[in-house]
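Subject: Structure handover

Hello,

Here is the structure I promised to pass on. Please keep it open while you read.

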Amino acid sequence: MGVYLVSVDAQDWTGTGEGGHADLAAALDTELERRGLPPYAPRATGEEPPGWFEEKMSPPMDGFDALCRATLTAEERENLLGWTVLVPCALPEGITLPFGSPYTDETLVVGAPYALALAERLAAALALPLDLVPATFANLELTLWFLDGDAERAAPTRPGPWADDLATAFYTAVYLRAAQYSLRHGRPITWS
């Protein structure tokens, strides 16, 4: 059990059954249309990504929140930490929809390009060595790398602020890689 950040495929995004997001997708499209923006539809190509994005959010977030407070504006922090759905399209601002989840009363939809820019700033502030941090998007790849000792073993070879608080580095990497995955594969990301 626990809280996971996961990608949503095109079938589940428009599906009405268990795990489906059709009502949310329709509400988002209505709101986008109201704002003069095109509707959002996940890529439904014959090619599936080699894996799906899934990371378990288990370390304490206090350090990550402190990094966000020190690096981002209050609005940027609220959007980055508060999004419920990340979509791979540019949105001029977060869109709040009246759909609750087990974790929130409303759904905040944020565009992946915006989230990526914020996460890149956090990664730069930590001097996070992105060439060492896994990016193949294998299931639980970051969770295992940070929590099973690979990050701890890599820290002495690449010292920096990231190595002083691996939980903060973990969340920075997760938010960064989630936005990258969303953009690369055209998939929404949500909490499960």
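Below are the notes on what was found in it.

**Ground rules**

This is a predicted model: local features need pLDDT of at least 70, side-chain atom pairs count only at pLDDT 80 or more, and totals for chains, interfaces and linings use all residues. Residues are numbered from 1 along each chain as its sequence is written, and side-chain values use heavy atoms, with hydrogens and water left out.

Helices (H or I, at least four residues) and strands (E, at least two) are DSSP runs, numbered from the N terminus. Buried means under 20% relative accessible area, exposed over 50%, and partly exposed in between (1.4 Å probe, protein chains only). Contact means heavy atoms within 4.5 Å.

**Helix H9**

H9 covers residues 166-185, 20 residues in total. From first C-alpha to last, H9 reaches 27 Å. That is close to the 28 Å expected at 1.5 Å a residue (the expected span is 1.5 Å times one less than the number of residues). Of its 20 residues, 17 are buried, so H9 is largely enclosed by the rest of the structure.

Both ends have something to look at. At the start of H9, a side-chain oxygen of Asp165 comes to within 3.2 Å of the backbone nitrogen of Ala167. This is a polar contact: a pair of N or O atoms within 3.5 Å; within protein, one must be able to donate a hydrogen and the other to accept it, and residues adjacent in sequence count only if both atoms are side-chain atoms. Just after H9, Gly186 has a positive phi of about 65 degrees.

**Leu5 and Ile189**

Leu5 lies in strand E1. Ile189 lies in strand E6. They are 184 residues apart along the chain, yet their C-alpha atoms are separated by 6.8 Å. Leu5 is buried, because its relative accessibility is 0%. Ile189 also has 0% relative accessibility, so it counts as buried.

Leaving aside neighbours within four places in sequence, the contacts of Leu5 include Phe53, Trp83, Val174, Ala178 and Ile189.

**Pocket and cavity**

Rolling a probe the size of a water molecule over the atoms shows where empty space is left. On a 1 Å grid over the protein atoms alone, a cavity is a set of points where a 1.4 Å probe fits but cannot get out. A pocket is an open set with protein on both sides within 12 Å along at least five of seven lines. Lining residues have an atom within 4 Å of a point. Grid points are joined across faces, edges and corners, and a volume is the space filled by probe spheres set on the points.

The largest pocket holds about 490 Å³ of space. Its lining has 23 residues, with Gly20, His21, Leu24, Thr190 and Trp191 nearest the centre. Strand E1 (4-7), helix H2 (22-34) and strand E6 (189-191) each give two or more residues to that lining. H2 gives the largest share, three residues. By class, the pocket lining has nine nonpolar, 12 polar and two charged residues. Ala, Val, Leu, Ile, Met, Phe, Trp, Tyr, Cys and Pro count as nonpolar, Asp, Glu, Lys and Arg as charged, and the others, Gly among them, as polar.

There is one cavity of 30 Å³ or more. The largest cavity has about 40 Å³ of space. Its lining includes Phe53, Glu55, Pro134 and Arg177. Six residues of this lining are nonpolar, none polar and three charged.

**Loops**

Most residues other than glycine have a negative phi, and most peptide bonds are trans. Which way does phi go at Ala127, positive or negative? Positive, at about 55 degrees. Leu140 also has a positive phi, near 60 degrees. Ala127 is in the loop between helix H5 (112-126) and helix H6 (141-147), and Leu140 is in the loop between H5 and H6. Ala127 is partly exposed at 43%. Leu140 is partly exposed at 22%.

Thr157 sits in the loop between helix H7 (150-154) and helix H8 (161-164). Its relative accessibility is 59%, so Thr157 counts as exposed. The Thr157 side chain reaches the backbone oxygen of Ala154 at 2.6 Å.

Best wishes
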